[in-house]
Amino acid sequence: MSNNGTQETIEIFVDGVSVQVPPGINAIEAAKIAGKEIPHYCYHPKLSVVGNCRMCLMECGNPMRDRETGDPVLEEDGSQKIGWFPKPVIGCSTNVGPGMHIKTESEKIEDCREGVMEFLLVNHPLDCPICDQAGECTLQEYAMDYGRGYSRYEERKNVKPKRTRLGPRVTLDDERCVLCSRCIRFGQEIADKDVLGFIERGSFSTLTCYPGPELDHNYSLNTVDICPVGALTSTDFRFKMRVWFLKETASICTESSIGTNTLVWSREGKVHRITPRRNDDVNDTWMTDSGRQLFHQVEADTRLKSFRIESASADATSAAKAAANQLFTGKAAIVASTHQSVEELFLTRKIAEALGAKAHFVRHLSEGDGLLLSEDRTPNTRGALLTGITGELPAENLSALAKQIDAGEVDTLLAIHEDLTESGLTSAHLDKVKLIYLGTQENATSQAANILLPGLTVFEKNGSFVNLNFRLQKFHQAVPGPAGLLPDVLLLGQVLGNLPGQANPGSLNAAWEALANEIPAFEGLAYASIPPVGTQLDGSAFSKLAFPETKSLKFNPAAEKEEAAPANAG
Amino acid sequence: MPEEKRIILKYADEPGYTRDIDCYLKHGGYEILKKAVKMEPDTIHKEVMDSGIRGRGGAGFPTGLKWKFLDRKSGKPIYLICNADESEPGTFKDKQVIYKDPHQLIEGMMISAFCIKAKQAFIYIRGEFFEGAKILEEAIEEARAKNFLGDNILGSGYSCDLVVHRGAGAYICGEETGLIESLEGKRPYPRIKPPYFPAVLGVYQCPTIVNNVETLCNVKHILDMGGAEYAKIGVPNNTGTRIWCVSGHVQKPGYYEFPCGKITMGEMINDVCGGLFPGRTLKAIIPGGSSAKVLRADERFQGKLKDGTEFDWSIWDIPLDFDSPMACGSMSGSGGIMVMDDTTDIVQALSNLNAFYAHESCGQCTPCREGVQWMRKVTKRMCNGDSREGDADLLLSIANQIEGRTVCAFGEAAAWPVQSFVKKFKDDFEAYSKKPVVSSECGDNQLV
Amino acid sequence: MELSPELIKKIDARVEKYPTKRSAVLPLLHMIQEELRYIPDEAIEWVAHRLELEPMQVYEVVTFYPMLKRTPMGKKHVRVCRTLACALRGSYQVCKAIQEELGVELDHTTEDGEYSLEFMECLASCGTAPVVMVNEEHYDNVDVEKAREICRGLKK
């Protein structure tokens, strides 16, 4: 681990300045540590190195040593003599070694970059005004930073296919393509679906799919993310919005227990797209296409927008109070959800304890894809375990609860983000209980509810989840929720506060204070102190549970067991 | 007139010499292989090192040293590939061996394969040599029948098979890592070096040696006469014979084998090749395949050789070896000498070469993909009567932006002709902008 | 697309020769083109299936190499070397003569499918320039007169 401070570093020199970097990383990454940008198109930290764009040309040299004796060769002034390579070299395939010198700024390098920029632009259309990539286009950025600012090209530009449908979600403009091959490598190396490739040759080389098979796998939009130019664009997002108008909010994908780090792009209260946010311990730089669709729930027609007590509309305060009274007076049970955040689950636990009620969970399983979609299709099963609201994995269905209802042992239900009729209860069961429902979308449960508490989506609130590796990660509010609604954590706080002898924490931070005090796994943490890339929690207490997840990008339970075995034996 | 010394082409053009194995055996064929498989591979390698032989493909890299770089520690299988892609314009020497004396190549290859302990050997032959590929495959079957290749060669316990692999019209497959990619069934995009040095990470990511046809044939003769004896042929650092291919405006174009450095350009053109056509004068010579920088007829070449001796040569005085053309700012490359007399329109000649390189650029890396096509468009436009002031400087600048900045040496190969043509014949280029030329009927440049 | 049993046999033998199946892409394409005179889509898919590749991986290769054709060439496919050594000796004129003689345009196939004509880059016979190939046959020292003669021979 890098945080224990024992990782070795070596000294290198970037533009003459000494900097400590991990050995063996490439010059682009090393220069980044030194605060210098080496521009590049084809290099991507999570893909193989091919060195085709030639934008990262730099000067490189090593300390000279006498071939016979191995002694350092010195300059006249006694300083170490540097043997510079006669030709510029590419930063992406140059791995740093001790004492290496890198020049990112020199007349020669300036000329190299101007040359490459000019070449890249000779056949590039001048359609920035109608190009979706404008504003986040490396071609634009580097043209400004490293280009000459004018073109000497007076010949005809090559003509290539435009507006090609590569698949249901990706559109290709070949004239804009700089042939960096990132998308092709992504298909070969990450998605394991080799559908993209180059055809023809020389300056007529063209990116395409073989006619027939489409770029339709669940990771196709990553090619749009990594395309450094406007060649690959999202069909859904095309011509919808200029990126410079959009606000970026760090979030977590709720599609499965992977906990993919995301950026939510919004403007004036409306989410326009979701893209992956790099986290080398979770999702690298990738995410599923399906996860990018989840924001559509924000504006769904089925969205619940108002509080209701029986058939009368209410406000948050009175509805919370009514819910508390109902729960307290009845024989209550709770159906909580691993869709809830850590702090929501913590308060739900408090409510359950105050009522002496059991909290039931239902599992949501589906097939995993081995990459970034795990079998557990909820984001916070580990969070539920850590908060102590339950000690076991979610049940297959609510049959146990159904029996209790049938036996009259339960007559009041608090259901949170779960449609009970989808989980083994019938409408007859619902008729037998007083039902309080907290959720975002209308369904059979919301319709049967006596008290309705509309909740917020992950895009409208703050909170945290614990992913399949017991990594605590937080998400932030990107857009405001519907008028009059409260974040779930405040709503649950109010319900709790209305129970005898209980206090409403009143804020997310206060809930966290209690959480950190009461539960050892969260000791010393506060919402504000969770790093943007999350923090690792100790999940060893649950190692005996049969979690449903099999191998995915950063999760390998089989290998972990193997690793653990000899340690236990010793 | 200097005498040809034919080692590689000793029998090729002899009347009655046929390419079948019986004829080859009658002429002492496979005797050296029989000797080789009884030797220690290291001893053979030492002979090759001692011979000082340099690669005949174009770069002139010492063959023994190339073999020394082989990664033998990895435990991965080793491969030998014969580069028979012969596609440098102006070169047609390997074809002579393949078509007329295929067993010589096979013997040279099997000796080399035994020396480097290759698991399998390939001959990558250019697609246009339809017949050449058939000849080689027949020869391989003949050799296999006599156990000169295949399993347990001549009872030595060493086994190695030889496979002929045809290209399909791509100059870039002459670049060894492009060739390797092509052999792997991919687009022949040359690999970045580092890390993909063939001797370490070659075909199938295994240690691989890629040698030219002529080079591999020479291995047989090195072992025959001994490395030290071989090194006496030619001049120091330029040992052995070379097959020079002369084309263009001479009376007797063709291929001629001479000891390195023992014949000058003048002797080659004027004596061996029968001189220029009557009434013509020399304009320029490309000394080592189309990628080599052009030499202007009236240039003086002055400087110091590696051994310190000073030289002051006219174009006729340049000794034909590896080092001398390089000392003159060009290279002997693949040995293709292209002669242009005073009837040659130099801009059209460059336009012709630019069209070649633009057609052959693989398109992998930016400077070559975009720059070479741009240069083609400029010279084509010039030839079509739309020359503009500044075109010469523009061409030079584009070439400078390509040279030294590409994945493989194709960048240099395409930039050098432009740089040298424009620099050395600036007047010809500038004259174009003053005197518009009528478009050619073919719509492209048209020489003669 | 029907491939002859002999060809299938040859293909099976060829695939065996390489350490990886993918290496056999080019040889297989050559063999199929020899039989069909071009590489149709079905051939790309067939080769991909045979070698356990994606069609794209074969398509990439087919389109890279100019000798692999996506449309049928003429029964008599004429190739003229275009590069410097041949051009210096008159290959453009030779090409023009062939166009006139056979009534075929450069880079085209005649409507009856008899003839097709293309320029090639250096055919490695610069010492006997200009050179012309008809199918797999090679002709040296082809001046305009000889070119016309060759064409007349083809028409017989």
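Chain A holds 14 helices and 24 strands, where helices (H or I, at least four residues) and strands (E, at least two) are DSSP runs numbered from the N terminus. This is a predicted model, in which local features need pLDDT of at least 70, side-chain atom pairs count only at pLDDT 80 or more, and totals for chains, interfaces and linings use all residues. Residues are numbered from 1 along each chain as its sequence is written, while chains are lettered from A and ligands numbered from 1 in the order in which they are written. The model scores ipTM 0.96 and pTM 0.94. For chain C, the average pLDDT (the predictor's confidence in each residue, from 0 to 100) is 95, and 100% of the residues score at least 70.

Let us begin with the overall form of chain A. Its C-alpha trace spans about 90 × 60 × 40 Å along the principal axes. Of the 570 residues in chain A, 48% are buried. Here a residue is buried if 20 or more other C-beta atoms lie within 10 Å of its own, exposed if 12 or fewer, and partly exposed in between, with C-beta atoms placed from the backbone. Among contacts in chain A with a separation of 6 or more, 66% come from residues 24 or more positions apart; two residues are in contact if their C-beta atoms, placed from the backbone, lie within 7 Å.

Next, find the open sheet of chain A, in which 7 strands follow the order 16-15-21-20-19-17-18 with mixed pairing. Two strands pair if DSSP finds at least two bridges between them. Strand 16 (312–314) and strand 18 (359–360) of chain A stand at the edges with a single partner strand each, so one side of each has no neighbour in the sheet. A:Ile334 has A:Ala359 in strand 18 of chain A as its bridge partner. Helix 6 (residues 316–329) of chain A packs on this sheet, touching several strands, including strand 15 (307–309), strand 19 (412–416) and strand 20 (434–439) of chain A. The direction of helix 6 makes about 130° with that of strand 21 (451–454) of chain A; axes are lines fitted to C-alpha atoms, for helices over the stretch in contact, and angles run from 0 to 180 degrees between N-to-C directions.

Further along chain A comes a hairpin. Strand 22 (residues 463–466) and strand 23 (residues 471–475) of chain A run antiparallel and are joined by 4 bridges. One of the bridge partners in strand 23 of chain A is A:Phe475, which pairs with A:Gly463. The hairpin has 4 residues between its strands, and A:Phe470 takes a positive phi near 60°. Both faces of strand 22 of chain A are covered: A:Gly463 and A:Phe465 are buried on one side, and A:Ser464 and A:Val466 are buried on the other.

Several loops deserve a look at their backbone angles. A:Leu179 is not a glycine, yet its phi is positive, at about 55°. A:Leu179 sits in the loop between strand 8 (170–172) and helix 4 (182–189) of chain A, and counts as buried because it has 25 C-beta neighbours inside 10 Å. In chain C, C:Asp107 also has a positive phi, near 65°. The place of C:Asp107 is the loop between helix 6 (91–102) and strand 2 (108–109) of chain C, and with 9 other C-beta atoms within 10 Å, C:Asp107 is exposed.

There are cis peptide bonds to inspect as well. One joins B:Lys193 and B:Pro194, with omega about 5°, and B:Pro194 lies in the loop between helix 8 (176–183) and helix 9 (198–201) of chain B. Another runs from C:Ala129 to C:Pro130, with omega near -10°; C:Pro130 is in the loop between strand 3 (115–120) and strand 4 (132–134) of chain C.

While you are in chain B, visit helix 14 (residues 346–360). With 15 of its 15 residues buried, helix 14 of chain B is largely enclosed by the rest of the structure.

Finally, return to chain A for A:Ala510, in helix 13 (residues 508–518) of chain A. A:Ala510 is partly exposed, with 15 other C-beta atoms within 10 Å.
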